[in-house]
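Subject: Structure for your review

Dear colleague,

Please find below the structure I am handing over to you, followed by a summary of what was found in it.

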Amino acid sequence: MTDMLRDATIVGSGAALGVAARLLATMMMNDLSSLWVLLTINVVGCLFLGAWGSSLFLGKGILGGYTSFSAFALVLVQAPAATAAAYLAATVVGCVGAWLIGHALAAPRTPGAPA
């Protein structure tokens, strides 16, 4: 139980920072309701997740708080069908692609190996 409480505290502390970062990023983009702002935030979060991994504080905490799957799901059910379909495709391709890029950029390089 002690380990679970410790882990929850680590993740929760990171999540608080991630939520604050998401709000700041949203405010800097000057549009609190745009689904494209949400897409940008989720893609950037996936890029960092690919680079940093899923540690408790950074991955599950900060990036879990920074990205927003619940808002993504809400957009899909509230948007017109064509917009929802485009948003779904952009999110899947963008987030998976960003994770792959982040992971590749963070991978250790072997000297003399092709880049």
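Ser-68 is located in the loop that links α3 (56–66) to α4; helices here are DSSP runs of H or I with at least four residues, strands are E runs of at least two, and both are numbered from the N terminus. Ser-68 counts as buried because its relative accessibility is 8%; buried means under 20% relative accessible area, exposed means over 50%, and partly exposed lies in between (1.4 Å probe, protein chains only). With its neighbours within four places in sequence left aside, Ser-68 is in contact with Arg-22, Leu-38 and Asn-42, where contact means heavy atoms within 4.5 Å.

Please note that this is a predicted model, in which local features need pLDDT of at least 70 and side-chain atom pairs count only at pLDDT 80 or more, while totals for chains, interfaces and linings use all residues. Residues are numbered from 1 along each chain as its sequence is written, and side-chain values use heavy atoms, with hydrogens and water left out.

Leaving aside neighbours within four places in sequence, Asn-42 contacts Thr-67, Ser-68, Phe-72 and Cys-95.

Overall architecture

The protein chain contains five helices and zero strands, and from the N terminus on its elements run α-α-α-α-α. Its C-alpha trace spans about 50 × 45 × 25 Å along the principal axes. Of the 115 residues in the protein chain, 27% are buried. Among contacts between residues at least 6 apart in sequence, 70% join residues at least 24 apart. The chain exposes about 7,300 Å², of which carbon and sulfur atoms supply 74%; accessible areas come from the Shrake-Rupley method with a 1.4 Å probe, and for residues only the protein chains shown count as cover.

Packing of α2 and α4

Two packed helices are described by the angle between their axes and the distance between the axes. Helix α2 (residues 35–52) packs against helix α4 (residues 69–78) at an angle of about 145 degrees, and their axes are 10 Å apart. The axes are lines fitted to C-alpha atoms, for helices over the stretch in contact, and angles run from 0 to 180 degrees between N-to-C directions. Leu-35, Leu-38 and Asn-42 in α2 meet Ala-71, Phe-72 and Val-75 in α4. By class, this contact of α2 with α4 has five nonpolar residues, one polar residue and no charged residues. In this classification Ala, Val, Leu, Ile, Met, Phe, Trp, Tyr, Cys and Pro count as nonpolar, Asp, Glu, Lys and Arg as charged, and the others, Gly among them, as polar.

Nonpolar core

Which residues form the largest nonpolar core? This core has eight residues: Leu-35, Leu-38, Leu-39, Phe-72, Val-75, Ala-79, Ala-84 and Tyr-87. The elements that give two or more residues to this core are α2, α4 and α5 (81–106), and α2 supplies the largest share, three residues. A nonpolar core is a set of buried Ala, Val, Leu, Ile, Met, Phe, Trp, Tyr and Cys residues joined through side-chain atoms within 4.5 Å. Leu-35 is in contact with Val-75, Thr-83 and Tyr-87, leaving aside its neighbours within four places in sequence.

Further positions

Val-44 is found in helix α2 and is partly exposed, because its relative accessible area is 28%. Val-44 and Val-75 are 31 residues apart in sequence and 18 Å apart in space, C-alpha to C-alpha. Gly-94, in helix α5, is 50 residues from Val-44 in sequence and 9.1 Å from Val-44 in space, C-alpha to C-alpha. Not counting residues up to four places away in sequence, Gly-94 touches Val-43 and Ala-89.

Gly-18 has its place in helix α1 (residues 2–28) and counts as buried because its relative accessibility is 0%. Not counting residues up to four places away in sequence, Gly-18 touches Ile-62, Gly-65 and Tyr-66. Gly-18 and Gly-59 are 41 residues apart in sequence and 9.9 Å apart in space, C-alpha to C-alpha.

Yours sincerely
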